[in-house]
Structure formats: C-alpha cells, structure tokens
Amino acid sequence: MAPAASDWISLEEAAQILSAANISFRPATIGAWARAGKVQSIKLGGRRFVRRGEIRALITPPRRVRAADLQPGLFEDLGG
C-alpha cells in the first residue's frame with residue numbers, strides 16, 4: 001500500500017516536529033539524512049519530503065521491557 005500524500009512532510013515541517021520535542025535540527029540536516037538514506041524521502045518540484053512517521057519515530061521513547069518478562073535464565077551465563 002502506497003503512503004498517503006499527507007504522510008510526506010517538508011523538511012521544515014520535520015524540523016518543527018522535532019523542535020516541539022525539544023530536539024533542534026535544521027531542515028538542511030534532515031535533508032542530509034534523507035540524501036544519505038537515513039530517512040525515506042522523495043523529491044518533487046525541487047523540494048524534498050520525508051515520511052512523517054519516520055520523523056515521529058525519532059522522538060518515540062525506547063520500549064522498556066520488565067525484567068520479569070524476560071526468558072528465565074537468559075542472563076545466568078553473565079555471572080558476576
């Protein structure tokens with residue numbers, strides 16, 4: 001399924017999303033990530049657009065796993 005047009009945002013909008021989360025990057029930096037393939041992008045009419053979901057994923061906190069949910073004995077070989 002192809003992404004909807006609203007899934008693509010300008011580099012400026014991407015910088016604003018990051019800025020709202022107190023992460024400051026210039027649109028040019030995000031454009032460099034896109035050209036390097038670090039985030040998916042398209043270029044239309046001389047302007048580059050990135051996926052909104054990929055930018056939001058940059059500010060999503062890492063998922064934490066409770067120790068009780070780990071497989072029993074998983075870390076027994078580490079010793080201490």
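Me: Is E54 buried, exposed or partly exposed?
Reply: This is a predicted model, and E54 is found in helix α3. Buried would need under 20% relative accessible area, and exposed over 50%. E54 has a relative accessible area of 26%, so the residue is partly exposed.

Me: Which residues does E54 touch, leaving out those up to four places away in sequence?
Reply: Start with K38, which is 16 residues apart from E54 along the chain. The C-alpha atoms of the two are separated by 9.7 Å. Contact here means heavy atoms within 4.5 Å. With residues up to four places away not counted, E54 touches K38, V39 and Q40.

Me: In what order do the elements of the protein chain run?
Reply: The protein chain has 3 helices and 3 strands. The order is β-α-α-β-β-α.

Me: Is A14 buried or exposed?
Reply: A14 lies in helix α1. The limit for buried is under 20% relative accessible area. A14 has 0% relative accessibility, so A14 counts as buried.

Me: Which residues is A14 in contact with, leaving aside its neighbours within four places in sequence?
Reply: A14 and R52 are 38 residues apart along the chain, yet their C-alpha atoms are separated by 7.2 Å. The contact list itself goes by heavy atoms within 4.5 Å. Leaving aside neighbours within four places, the partners of A14 are I9, I30, V50 and I55.

Me: How are α1 and α3 oriented to each other?
Reply: Helix α3 covers residues 52-59, and its axis comes within 10 Å of the axis of α1. The two axes cross at roughly 25°. Angles under 35 degrees count as roughly parallel. Therefore α1 and α3 are roughly parallel.

Me: Which residues of α3 make the contact with α1?
Reply: The crossing of α1 and α3 is right-handed. On the α1 side, the contact is made by A14, I17 and L18. On the α3 side, it is made by R52, I55, R56, L58 and I59.

Me: And how are α1 and α2 oriented to each other?
Reply: Helix α1 covers residues 11-20 and helix α2 covers residues 27-35. Their axes come within 8 Å and cross at roughly 110°. Angles of 65 to 115 degrees count as roughly perpendicular. Therefore α1 and α2 are roughly perpendicular.

Me: Which residues of α2 make the contact with α1?
Reply: α1 passes α2 in a right-handed crossing. From α1, the contact uses L11, E12, A14, A15 and L18. From α2, it uses P27, I30, G31 and W33.

Me: How many aromatic pairs are there, and of what kind?
Reply: Ring centres must lie within 6.5 Å to pair, and by this rule the count comes to 1 aromatic pair. F25 and W33 form it, at 4.7 Å centre to centre with 70° between the planes. Planes over 60 degrees apart count as edge-to-face. The pair of F25 and W33 is edge-to-face.

Me: Is W33 buried or exposed?
Reply: F25 has a relative accessible area of 34%, so F25 is partly exposed. W33 has a relative accessible area of 18%, and under 20% means buried. W33 is buried.

Me: The charged end of which residue sits over the ring of W8?
Reply: To count, the charge must be within 6 Å of the ring centre, and also within 35 degrees of the ring normal. The charged end here is 5.4 Å from the centre of the W8 ring. It belongs to R51.

Me: Which residues does S10 touch, not counting those up to four places away in sequence?
Reply: S10 is found in strand β1, residues 8-10. With a relative accessible area of 6%, S10 is buried. Not counting residues up to four places away, S10 touches R47, R48 and F49.

Me: What is the phi of N22?
Reply: N22 has its place in the loop between α1 and α2. At 75% relative accessibility, N22 counts as exposed. Most residues other than glycine have a negative phi. N22 is not a glycine, yet its phi is positive, about 60°.

Methods: Residues numbered from 1 in each chain as written. Predicted model: local features only at pLDDT ≥ 70, side-chain atom pairs only at ≥ 80, totals over all residues. Heavy atoms only, no water. Phe/Tyr/Trp six-rings, centres within 6.5 Å; stacked < 30°, edge-to-face > 60°. Buried < 20%, exposed > 50% of the residue type's maximum accessible area, 1.4 Å probe, protein only. Axes fitted to C-alpha atoms, helices over the stretch in contact; angles between N-to-C directions. Helix = DSSP H or I, 4+ residues; strand = E, 2+ residues; numbered from the N terminus. Parallel < 35°, antiparallel > 145°, perpendicular 65-115°, else oblique. Left-handed = near helix turned anticlockwise from the far one by under 90°.
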